[in-house]
Amino acid sequence: MSWRKLPLRAADWLPPETNPAPWAGLLSSLTKEHDYECEVTGDLPDLSGTLYRVGPGLYDRGPDRKRMMLDGDGMVQALSIREGRAHFRNRYVRTPKFVAEEQANRFLYPTFSTHGSGPLRHNLGLGIMNQANTTVIEWAGRLYAFDEGQKPYELTGELGTLGEALLDPAQPKLSYWAHWKLDAIHQRLHLLSMVPGPKPVARVVSLDRDGQVAERQTIALPRSVYIHDWFVTRNHFALLLHPAFISMPRMLEILIGRNTFASALEWRPEQGSTLTVARRGSNTTRNLSTRPVWMWHAINAFEAGDELVLDFIGGETAGGLGSDDEPLFRLMAGGEPGPPPEPDNWPRRIRVKPGDDHADEQILLNDGKIELPCVSAAERGAPYSQANMIRAVPGEMFTRSLCELDGATLTGRSFVFGEHEYCSEPVICDELDGKPGRYLLTQVYSGLEKRSHYAVLDRQDFMAGPVARIQLQHHVPLSFHGYWSTKVLA
């Protein structure tokens with residue numbers, strides 16, 4: 001069955017301690033679950049709360065290794081800070097997949113990029129099992145980990161797994177996209193569910209601060225494509241339907257266990273992008289044409305008079321998916337990434353004017369490859385003072401720099417970490433109903449020390465670099481997204 005996308009050989013991957021690649025720790029599993037007080041260097045600000053992060057922490061299981069760096073079982077981290085001290089904890093989400101594969105000591109089931117090495121029957125069909133590895137949030141006193149197109153998993157305060165969560169009792173079968181959206185104006189959490197097909201729709205479920213459903217809306221879509229993130233403003237929901245179509249022949253191959261979802265996207269730039277804008281609480285929907293651009297992540301969106309302003313990170317091609325020759329695959333096999341492509345993953349802006357059926361796009365910054373943006377929770381869905389993002393130093397694959405975009409002047413500046421120090425998505429330490437936070441946290445892997453730390457930066461003096469570092473005792477694999485809670489874990 002050589003045509004299956006079977007796991008790589010775990011034995012072929014060298015651990016960080018002996019791997020010559022300085023970034024190897026980012027792609028190495030963290031098999032131990034930890035619980036300890038951290039060493040702090042520098043002047044840790046007077047912060048009180050917990051940073052949660054989640055990502056695919058388990059790339060290897062027994063003889064098997066995942067084929068792609070975006071794929072793997074979800075590991076949630078909790079960094080609690082109080083009175084100048086910091087405590088670290090990590091736990092894997094005990095999904096049914098995780099539990100079964102832990103017992104078997106290998107990857108049994110297909111995931112986004114990799115077939116299971118168990119029986120062929122496990123790889124048949126169009127369903128993949130939940131890994132809870134993409135986003136995390138605490139809302140209404142409950143902690144959730146999300147995967148793409150799945151039900152979220154609820155966790156305890158100690159990161160124990162409670163099981164799949166029911167967020168909308170009226171729609172118990174609904175599954176959600178990984179990217180929830182916060183709304184500082186209405187104090188709500190918005191969740192997106194996509195229903196593909198000949199008449200595709202998006203369903204939005206909005207929860208109030210008590211976790212109760214405050215609004216529901218169904219949005220008819222003019223095309224069925226894969227998207228990852230979306231936009232929310234005071235009065236609107238918006239989806240950028242870039243031309244990332246699902247290949248029907250590839251879906252047939254997935255059905256019979258011959259291919260995986262990572263190869264199913266077809267980038268058709270000649271068809272352009274369509275922007276669907278829906279007025280909240282109304283059946284009013286507009287579809288505008290715009291140029292073809294791939295969007296992994298939104299920066300923020302807001303209303304300026306009668307115009308919508310949609311800021312996002314966009315690139316010219318489909319995000320490194322599709323081919324085993326892409327760096328996201330080659331690096332997992334221990335290969336060289338090759339020279340990185342010319343960067344085009346840049347902050348961009350689309351302005352939507354009343355009555356128009358076309359929307360133009362503006363590039364805001366074009367300095368290096370930029371991704372994983374964040375703005376203050378207190379400014380989500382509203383005009384923002386500044387956004388922070390990670391940036392790859394030109395000529396390098398992994399990100400060593402944090403970028404700041406000024407929301408008023410649309411100018412940027414970057415702070416670069418030391419040699420072989422690779423940073424992750426920044427998270428601002430503030431609340432939805434408070435003022436924009438002064439400090440941000442980013443997780444950094446040091447290829448020289450072979451371990452990770454959290455860097456604390458002052459947003460008012462961004463270019464001065466970290467004011468404190470919270471040292472971990474080990475490496476932490478690549479993680480995607482984080483969330484700051486004012487609750488401190490016991």
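Q: What do buried, exposed and partly exposed mean in terms of relative accessible area?
A: Buried means under 20% relative accessible area, exposed over 50% and partly exposed in between, with a 1.4 Å probe and protein chains only. By this rule Ile256 is partly exposed, because its relative accessible area is 44%, and Ile256 is found in the loop between α2 (248-255) and β20 (265-267); helices (H or I, at least four residues) and strands (E, at least two) are DSSP runs, numbered from the N terminus. This is a predicted model, in which local features need pLDDT of at least 70, side-chain atom pairs count only at pLDDT 80 or more, and totals for chains, interfaces and linings use all residues. Residues are numbered from 1 along each chain as its sequence is written, and side-chain values use heavy atoms, with hydrogens and water left out.

Q: How many aromatic pairs does a search of the whole structure find?
A: Rings of Phe, Tyr and Trp (its six-membered ring) pair if their centres lie within 6.5 Å, and planes under 30 degrees apart count as stacked, over 60 as edge-to-face and the rest as tilted. The search finds 14 such pairs. The rings of Trp180 and Tyr483 have centres 6.0 Å apart and planes at 85°, so this pair is edge-to-face. Trp180 lies in the loop between β12 (161-164) and β13, and Tyr483 in strand β36 (residues 481-485), so the pair ties together parts 303 residues apart in sequence. Trp180 counts as buried at 9% relative accessibility, and Tyr483 is buried with a relative accessible area of 15%.

Q: Which residues form one aromatic cluster?
A: Trp177, Tyr226, Trp267, Trp294 and Trp296 form it.
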